[in-house]
Amino acid sequence: MRDNQSTSFGQLARRHGFLIVLVAIFAVFTLATDHFATFGNFIAMLHAMAPVVVMSCGMALVVLAGKLDISIGSVAFLSSTFAVLLMNNHGVPPVVAFAVTLAAGAALGALNGFIVVGLGINPLIATLGTMIALRGVALQLTNAVLIPLPESVRSLGNLSIGPIFVDILVAAVVVIAADQLHRRTVFGRQLNAIGNGEEVAAKIGIPVGRRVFVAFVLSGLFASIGGIMSLIQVGSISAYLGRGMEFTAVAVVVVGGISLFGGRGTILPGVVLGALTFEMIANGLNQMSANPYAYRLVTGAIIFVAMYVDAMKSGRIRSRRKKLAVRDEPGRSTGTIAETTSRP
Amino acid sequence: MRVLNKALFAAGCMIAATLPAHAKDFTVGLSWNAMDNQLPVKWQEYLQSEGAKQGAAADVNFKWVINVADADPTRQAANIEDLINQGVDLIIARAEDAAAIGASIRAAKEAGIPFMTFDRESSTTKPTVHVGGDSFDQGKTTAEAFVALLKDRGVTGKCIELQGSLTDVNAMNRSKAWHEVTDNSGVVTTLVSVPTEWNPDLFRSGTVNALRANPDANCMFLASDFALSAVQSALEGADRWAPRGDAKHVWIATQDVFPEAVTAMQGGFIDVGTTYDAYAHAQEAIRVAIELAKGEDANCPDGVCLAKGRLATQENIGTLENLWSRPAN
């Protein structure tokens, strides 16, 4: 009986664990504060998380292919820097300046793709290198100081249609586009296949290198879109733009149910709900006037829970338990660490 | 022959005595935690110019080895280790993490290199000397002036506090001073304290969230105004960015008085602030460095030399002397 109960709880956690956490967070803050569960606050949360959602979409495509791009924060910073310098120092119209930003984002993504695919360097190491280098270039270009946007551009940060901020709509379009790309196109399915096993994908004729390269280009492009949104919201560019965004995006993707091991998960609703989880925590703790030190603790705990659920989904823990049980049976040979931790 | 030798020796001594004394080379290892706003840029500029100016007068030839840690305490520790290995004569460091810098101070002491913490004190280890702004006094003078202003205008303040980084001693000092003055003032109440980690995104979202939770808030205390544009954006979104005299005005007390804050104060949007005097800090740091170079007492009580900021208001912002952040300067 107890076994049945624990099994059904395990299944429930595996299937809906993330949603249970999300609902619990919502319930706690709704009960603890007066203004959390209001339409205005919900819009404010969507507004604040819009840049994160967009950047996480790019990260999701790379993660689905079993790779990682930890340079997205620096790509956002450097590509946005171009726009600010063009507008402020050369009087370039904002539309042209932001077009340059998007082109720069895609180009920097292509650089990452080339290093990973062309030079065969591990994505984590490759994008760690570009993360540091690109931020260095941006700091050099901005002289590391905060540069305000021209007044006409700064006011776009609060542009809205009715009660809905325009950047929420932009984020919605990007998320839907990325989700459709993942679900409805050959490219998206091939990314999943690559994430599930690169060698097998190559054997069945998928052009692995080209697909991974395109995933990095899109990641750079989305990073630059998110960078523009963050830039306009804050009204200035500073060395903080995009800082730590790579880890936030990874957390959003994982909490949203996309496996860090690749090949599994969906952008919609995963990425949106993942970002909403973190925004609800920040917003709710703000409204509760919580101890400032609590923010990181709660956020870290949520990431841990999500990772645990992900590990359970991947069958790693079950596999380990089963093999340990087999090992402990009298007369059985002992399994190795490699066996017990390898991916099924 | 002996007479000739004596004559040559005497002549040599006379020539040597008339030559100008060779200035002593003094290499300073300068470790920045980050160059993320105008202030460190100005500090570095002033340190180098004051080093040249005061150094020439004191026969000390300053040489600089500078590194930046990009807000990473681990990297700053490695950067300082590099400075120690290079055998610099003095290390000046602005700490990213008030606790973590302690290990670097101890390492420098073991290597026999004097260590000056600059702007941000260590919370764990006493350096040779600390030079910086008096951040507690900064918060206190602002808070006192703000309470007096609101009392004078008959306003009861319900404030949102935007804190700085929790690992920054100055941010904590400013918050402490703000609460010490306002909590029992009977004029100003702090409704919510929002941690920003000095991140402009959090300045913005923190203000938005706090205004949502406290629609009756009518004032703010900013631990620094370097990210004022983010606060402005949030207040504009809530239709609360208005100058004094307008019914929608949010009373704002601020710290540092960066260039954007000067403009906002001149426009009536910010009410009071206390400057963070980059030039005074640099002047003091170089004075102390010269004393250390000469092996003399730096004359800092308890090893701490602090330069106070000046109160800036809408009335005096245009006339404060040597205000680094005002465009004319």
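**Two open sheets in chain B**

Colleague: Which residue is the bridge partner of B:A253 in β10(B)?

Modeller: B:V272 in β10(B) is the partner of B:A253. This is a predicted model, so local features need pLDDT of at least 70, side-chain atom pairs count only at 80 or more, and totals for chains, interfaces and linings use all residues. Residues count from 1 along each chain as written, chains are lettered from A and ligands numbered from 1 in written order, and side-chain values use heavy atoms, without hydrogens or water.

Colleague: How many bridges join β9 and β10 of chain B?

Modeller: Strand β9, residues 251-256, is joined to β10, residues 272-275, by 4 bridges. The two strands of chain B run parallel. Strands are DSSP runs of E, at least two residues long, and helices are runs of H or I, at least four, numbered from the N terminus.

Colleague: What is the strand order in the sheet with β9 and β10?

Modeller: In chain B the order is β7-β6-β8-β9-β10-β12. That makes an open sheet of 6 strands, with mixed pairing. Two strands pair if DSSP finds at least two bridges between them.

Colleague: Which strands sit at the edges?

Modeller: β7 (188-195) and β12 (311-313) of chain B do. Each pairs on one side only. From one strand to the next, the twist averages 20°.

Colleague: Which strands does helix α6 of chain B lie across?

Modeller: Helix α6, residues 169-182, lies across β6 (157-163), β7, β8 (219-222) and β9 of chain B. It runs at about 160° to β7(B). Angles go from 0 to 180 degrees between N-to-C directions, with axes fitted to C-alpha atoms, for helices over the stretch in contact (heavy atoms within 4.5 Å).

Colleague: New topic. What is the order in the sheet that has β11 of chain B?

Modeller: The order there is β2-β1-β3-β4-β5-β11. This open sheet of chain B has 6 strands, and the pairing is parallel. Its edge strands are β2 and β11 (304-307), and each pairs on one side only. The twist averages 20° from one strand to the next.

Colleague: How many bridges join β5 and β11 of chain B?

Modeller: There are 4 bridges between β5, residues 129-133, and β11 of chain B. These strands run parallel. In one of the bridges, B:G133 has B:A307 of β11(B) as its partner.

Colleague: Which strands does helix α10 of chain B touch?

Modeller: Helix α10, residues 278-293, packs on the sheet. It touches β1 (24-32), β2, β3 (90-93), β4 (115-118), β5 and β11 of chain B. The direction of α10 makes about 165° with that of β5(B).
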